[in-house]
Amino acid sequence: IFSRSCPYPLQRGDPRRTQKYSDDNRTMELAVPLGIGTMTWGNAPLDRLTNRGVVVPLPDLAAIARRAVASGITLFDTAEGYGGGSSERRLRQALDLADCSPMAGAPPLREKVVVATKFLPTVWRWTQGSFLGALRGSLERLGVPCVPLYFLHTPVHPLA
């Protein structure tokens with residue numbers, strides 16, 4: 001799971017690491033990619049509540065992903081706790097669907113983006129086994145061998 005051979009090296013010169021954005025004839029360079037959150041991309045009951053009863057169809061999520069990448073957004077942020085993992089699963093499906101008709105010679109959309117996800121530590125999940133099990137679950141739902149960023153999401157103190 002933890003490897004230096006992760007396909008997301010983000011080394012100097014990697015276009016996913018440094019982005020140039022132009023606005024009003026001025027160019028600024030960011031050392032980190034711009035990102036988009038996918039908290040409401042899931043389809044669990046809580047997601048429907050958050051989205052006022054609407055589950056966004058996968059073709060629409062794919063269009064959002066394509067438009068985001070075309071606009072210079074290269075980081076997709078998700079979490080195992082968003083829709084009980086359905087946000088991670090649907091992000092994978094949206095990226096795959098967005099790639100269903102790539103231009104000849106263009107790299108797959110997945111190679112243009114970085115995916116970050118989060119571990120939801122609850123009082124009963126403060127063990128290394130829980131952490132690694134959750135990471136394995138996220139990797140499976142996302143369909144990737146590794147993630148470059150794995151956050152601790154809303155930490156709860158074990159004595160709380």
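**Exercise 1. Determine which strands helix H5 lies across, and at what angle it runs to E5.**

Solution. In this predicted model, helix H5 lies across strands E5 and E6, and its direction makes an angle of about 145° with E5.

**Exercise 2. Work out the strand order of the open sheet and state which strands stand at its edges.**

Solution. Begin with the pairings of E4. Strand E3 (residues 34-37) is joined to E4 by four bridges, and the two run parallel; within this pairing, Gly-37 has Asp-77 as its bridge partner in E4. Next, E4 pairs with strand E5 (residues 114-119) over three bridges, also in the parallel sense, and here Leu-75 is partnered by Val-114, while Phe-76 is partnered by Val-115. The open sheet is made up of four strands in the order E3-E4-E5-E6, with parallel pairing. Because E3 and E6 each have a single partner strand, they stand at the edges, and one side of each is left without a neighbour in the sheet. From one strand to the next, the twist averages 25°.

**Exercise 3. Decide whether strand E4 is mostly covered or mostly uncovered.**

Solution. Strand E4 spans residues 73-77, and four of its five residues are buried, so that with buried taken as under 20% relative accessible area the strand is mostly covered.

**Exercise 4. Classify the packing of helix H3 against helix H5, and describe the residues of the contact.**

Solution. The axes of H3 (residues 86-98) and H5 (residues 128-142) come within 7 Å and cross at roughly 30°. Since angles under 35 degrees count as roughly parallel, H3 is roughly parallel to H5. Turning to the residues, Glu-88, Arg-89, Leu-91 and Arg-92 of H3 meet Ser-138, Glu-140, Arg-141 and Leu-142 of H5. The residues of this contact divide into two nonpolar, one polar and five charged.

**Exercise 5. Locate His-153 and identify which residues it is in contact with, leaving aside its neighbours within four places in sequence.**

Solution. First, the position: His-153 lies in the segment that comes after strand E6 (149-152). Second, once the neighbours within four places in sequence are set aside, His-153 is in contact with Tyr-82, Lys-118, Phe-119, Leu-120 and Pro-121.

Terms used. Residues are numbered from 1 along each chain as its sequence is written. This is a predicted model: local features need pLDDT of at least 70, side-chain atom pairs count only at pLDDT 80 or more; totals for chains, interfaces and linings use all residues. Side-chain values use heavy atoms; hydrogens and water are left out. Buried means under 20% relative accessible area, exposed over 50%, partly exposed in between (1.4 Å probe, protein chains only). Two strands pair if DSSP finds at least two bridges between them. Axes are lines fitted to C-alpha atoms, for helices over the stretch in contact, and angles run from 0 to 180 degrees between N-to-C directions. Angles under 35 degrees count as roughly parallel, over 145 as roughly antiparallel, 65 to 115 as roughly perpendicular and the rest as oblique. Contact means heavy atoms within 4.5 Å. Ala, Val, Leu, Ile, Met, Phe, Trp, Tyr, Cys and Pro count as nonpolar, Asp, Glu, Lys and Arg as charged, and the others, Gly among them, as polar.
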